[in-house]
Amino acid sequence: GVVCVPGTMLMIAGQVDLSVGSSAAVAGMILGNVVNSYGIANGLLAVLVYGLVIGAVNGFFVTVIGVNSLITTLGTLATLYGIALLIGNGQTLMMKNFEWLGTAQPAGIPLPILIFFVIAVVGIITLRRTRFGRSLYAIGSNPNAARVVGIRSNRILFATFVLSGLSSALAGAILCSQLSAGDPNAARGLELEVITAIVLGGASLAGGRGTMWGTIIGLTTIGVLNNGLILLDVPTFWQRVAQGLMLILAVSFDATRERLAAKRR
């Protein structure tokens, strides 16, 4: 959910970030290393800086060099998974005294849920009430027209990729806290879950359409599906099969809707 908020913004703008899973894995490994040696505060600061850097790298290649976002983030996905393995030499890094971020329950509500709630509210307000949000829709609908009317598309896209990098780093920190360890494989497949939730929520892969509320509904659908499979004692690998089928169906529905809309025009 934390990663889906900027992910929705990117998809509305016609972009995608496939590196979120590997980025979260690296964040967890960095956190494990730094916390064990220099303390929690320094570990969180290192993760924050890392998130800014990886988001800026993706944004630079897409907006300055002009590489397609799919290719850029696919490359960083593979690169970062390799880095995650290198940091821990392929091993899990155990941690102590950092469980609070992933398991604390202030007022009986899990802290990760509260974090997601705050980020989601900010995302909803951004898309509906700010010039930045309106610009994302304009860029996704017609990039050339957006530039003609004075929207600084590259700056907005760069900032959105930075937000995506920060969110994946935060997600990695939460996972690391829940596991009490940095695991290079902890977030494997996260990018699939993110894209599935966003597309299920009504966002278009072509850009220009999508809402944060729709993404939240998509997240809820995936959560209910996964929980139902667990309660039915279905083997966990079938969850991946179900998510893949859901993604194919959602994209097929989106393509059909686009084709019917084009015929009506």
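## Ser69 and its surroundings

The side chain of Ser69 has a polar atom 3.3 Å from the backbone nitrogen of Val16, where a polar contact is a pair of N or O atoms within 3.5 Å, one able to donate a hydrogen and the other to accept it, and residues adjacent in sequence count only if both atoms are side-chain atoms. The model is predicted, with pLDDT of at least 70 needed for local features and 80 or more for side-chain atom pairs, while totals for chains, interfaces and linings use all residues. Residues are numbered from 1 along each chain, and side-chain values use heavy atoms, without hydrogens and water.

Ser69 belongs to helix H4 (residues 69-87); helices are DSSP runs of H or I with at least four residues, numbered from the N terminus. Ser69 is buried because its relative accessible area is 5% (buried is under 20%, exposed over 50%, partly exposed in between, with a 1.4 Å probe and protein chains only). Beyond four places in sequence, Ser69 is in contact (heavy atoms within 4.5 Å) with Gln15, Val16, Val62 and Phe161.

## The nonpolar core

Leu31 and Tyr50 touch the most other members of the largest nonpolar core, which has 61 residues. Such a core joins buried Ala, Val, Leu, Ile, Met, Phe, Trp, Tyr and Cys residues through side-chain atoms within 4.5 Å.

## Helix H3

Val57 is located in helix H3. Val57 is partly exposed because its relative accessibility is 31%.

Technical notes:
Helices (H or I, at least four residues) and strands (E, at least two) are DSSP runs, numbered from the N terminus.
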